[in-house]
Amino acid sequence: MKKLLLILIPIVLVSMLSAVSFDISGNHRVRAAMYNDAAENAGGHIDNRLQIGFDSQFHKNLAFRVALEIGDIVWGNGGGGISTNGVNIETSELYLDYMINAIDAKVRFGQQYYADNMGLILDDFVSGLFITKEDWMGMDTEFAWIKGWEGALNNDDDYNVFMAHANFKDKLPMGIYAMYGAWGGADTGNFTLMPYYKLEMDPLTIDVNVFLDYQMNPDPTDDEIGLGAAAKVKADLGMLEVGGDLLLAMENGLTTISPWYQNGLYIYGIGKHHDGANLYWNTPYEGNADMFVSAVGHVRYPFKEDMTMFAAAGYLVDTGLELNAGIEYEIIPDLLMLSGYGAFGMHDNETTNYLLGTTVKVEF
């Protein structure tokens, strides 16, 4: 705690004294889960985490952000054991945001959060430089250089990613990502095109991504091409919301950076309330030897103003079938949320898996 105060107090004081405006935001999450593993061994754990960010506007053209993550602390383990004095403070974001009036564009450099449309390639904190320009030839555009890996400082052995993103929202409900990633000195890399289409036509919402991934190797005859698509469809029927998620990846799949694609499952994927107990999900659409499919249907029923029931059923090829359900309770509107959920999975008709969990989350 003393280390945290030594970090936070100077940041807050300097920001308050020098900034035109100052803001604090973040969330604190506590979750507990009981589950078994791939060998049907029973277990479970409790963990908690605080994410807190400080935003300062030094000038109308210059902003600064620092965000810290305190946790993920597993109770009884590491920093969560007796005395709870482990080193568990990390820097998530640390960047300057500068508006260049001459070209009417923003440049942001440092550690920052970025996610593509569905988190198929990237949904994480990265180090790099981003340039954004709105309403340029009818498009909102982003250009980025991401430093994925720094090897030996004086060797050409790094991993760099270059990205361009255009959103044609003023003309069409669609956009496209173009990414080039390369390992220095290794003659390996990839080039990815990922267009997406988002349509909102009450009561229907449709979100579709399609990707083509060209994977380069030192011997050009070993180059590969991956193809695939992901779609999320939702229909808001007033007292009931139904929808589905479909992810399809042909052989070789998609090159990722740090994905966090949510298919709504807890055992065989990533769900809204827990992402730390899933089994068999290790980006199965990257470098896959055979076609991969994840198909999930879901339903939500807000039976009270502050309570919502939800359920999902999904099948993953060569993995298994999962059924899950739960309830969300908004204890304090827009601040404190409690959720409880359970899941049952059948893996290739050989093993059965379960999960029972609860999550408390404060967002501010």
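Q: What makes the lining of the largest cavity five nonpolar, five polar and no charged residues?
A: The lining consists of I121, Y159, V161, M179, G181, N190, T192, T255, T256 and I257, and these residues divide into five nonpolar, five polar and no charged, because Ala, Val, Leu, Ile, Met, Phe, Trp, Tyr, Cys and Pro count as nonpolar, Asp, Glu, Lys and Arg as charged, and the others, Gly among them, as polar. The model is a predicted one, in which local features need pLDDT of at least 70 and side-chain atom pairs count only at pLDDT 80 or more, while totals for chains, interfaces and linings use all residues. Residues are numbered from 1 along each chain as its sequence is written, and side-chain values use heavy atoms, with hydrogens and water left out.

Q: Why is the pair of Y159 and W183 called stacked?
A: Rings of Phe, Tyr and Trp (its six-membered ring) pair if their centres lie within 6.5 Å, and planes under 30 degrees apart count as stacked, over 60 as edge-to-face and the rest as tilted. Y159 and W183 lie 4.9 Å centre to centre with 25° between the planes, so the pair is stacked.

Q: Why is Y159 called buried?
A: Buried means under 20% relative accessible area, exposed over 50%, and partly exposed in between; Y159 has 11%, so Y159 is buried, whereas W183, at 37%, counts as partly exposed.

Q: How do you know that the pair of Y266 and Y341 is stacked?
A: The ring centres of Y266 and Y341 are 5.1 Å apart and their planes stand at 10°, so the pair is stacked.

Methods. 1 Å grid on protein atoms, 1.4 Å probe; cavity = no way out; pocket = protein on both sides within 12 Å on 5 of 7 lines; lining within 4 Å. Buried < 20%, exposed > 50% of the residue type's maximum accessible area, 1.4 Å probe, protein only.
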